[in-house]
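Here's a quick briefing to read alongside the model. Have the sequence handy as you go through the points.

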Amino acid sequence: QVQLVESGGGLVQAGGSLRLSCAASGSTFNIINMGWHRQLPGKQRELVATISGGGTTNYADSVKGRFTISRDNVKNTVYLQMNSLKSEDTAVYYCRAVGPSVYWGQGTQVTVSA
């Protein structure tokens, strides 16, 4: 089992920045990929960014050039640096870890005011 705990969400003005963190614990040696998804009000959860154990990254088109995902394999933590935030980035952000199973964090709210 893998447990994921997110932190770093909050309220920010448009154009501002936030950094999300996701700390993994438990059977972390089984984790292959980690990433962030988000769920906008009334919509389905969508992929934001992923990163492999080797550091290969993948981003949604809507966040390319603004968000950066990184990973500290020693601390078993994945980060999402979010810059130039827009009101449409307002969502609950979820950390996800993929190994033998898929694990989700509890989510952290990000609110961007116009």
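Cys 22 is buried, because its relative accessibility is 0%, below the 20% cut-off. Cys 95 comes out at 0% relative accessibility too, so it also counts as buried. Keep in mind that this is a predicted model.

**The disulfide**
- Cys 22 and Cys 95 are joined by a disulfide, with an S to S distance of 2.1 Å.
- That's one disulfide in the structure.
- Cys 22 sits in strand S3 (residues 18-26) and Cys 95 in strand S9 (residues 91-98), so the link ties together parts that are 73 residues apart in sequence.
- The link of Cys 22 and Cys 95 is left-handed, at -80 degrees about the S-S bond.

**The sheet around S3**
- S3 belongs to an open sheet of four strands, ordered S1-S3-S8-S7, with antiparallel pairing.
- Strand S1 (2-7) and strand S7 (67-72) are the edges, each pairing on one side only.
- On average, neighbouring strands of this sheet are turned by 15 degrees against each other, direction ignored.
- S3 and strand S8 (residues 77-82) run antiparallel and are joined by six bridges.
- Look across from Leu 20 and you'll find Leu 80 in S8 standing opposite.

**Thr 50**
- Thr 50 is part of strand S5 (residues 45-52).
- Its relative accessibility is 17%, so Thr 50 counts as buried, the cut-off being under 20%.
- What does Thr 50 touch, leaving out residues up to four places away in sequence? The contacts are Met 34, Gly 35, Thr 56, Thr 57, Asn 58 and Ile 69.

Note on methods: Residues are numbered from 1 along each chain as its sequence is written. This is a predicted model: local features need pLDDT of at least 70, side-chain atom pairs count only at pLDDT 80 or more; totals for chains, interfaces and linings use all residues. Side-chain values use heavy atoms; hydrogens and water are left out. A disulfide is a pair of cysteine sulfur atoms within 2.5 Å. Helices (H or I, at least four residues) and strands (E, at least two) are DSSP runs, numbered from the N terminus. Buried means under 20% relative accessible area, exposed over 50%, partly exposed in between (1.4 Å probe, protein chains only). Contact means heavy atoms within 4.5 Å. Two strands pair if DSSP finds at least two bridges between them. Axes are lines fitted to C-alpha atoms, for helices over the stretch in contact, and angles run from 0 to 180 degrees between N-to-C directions.
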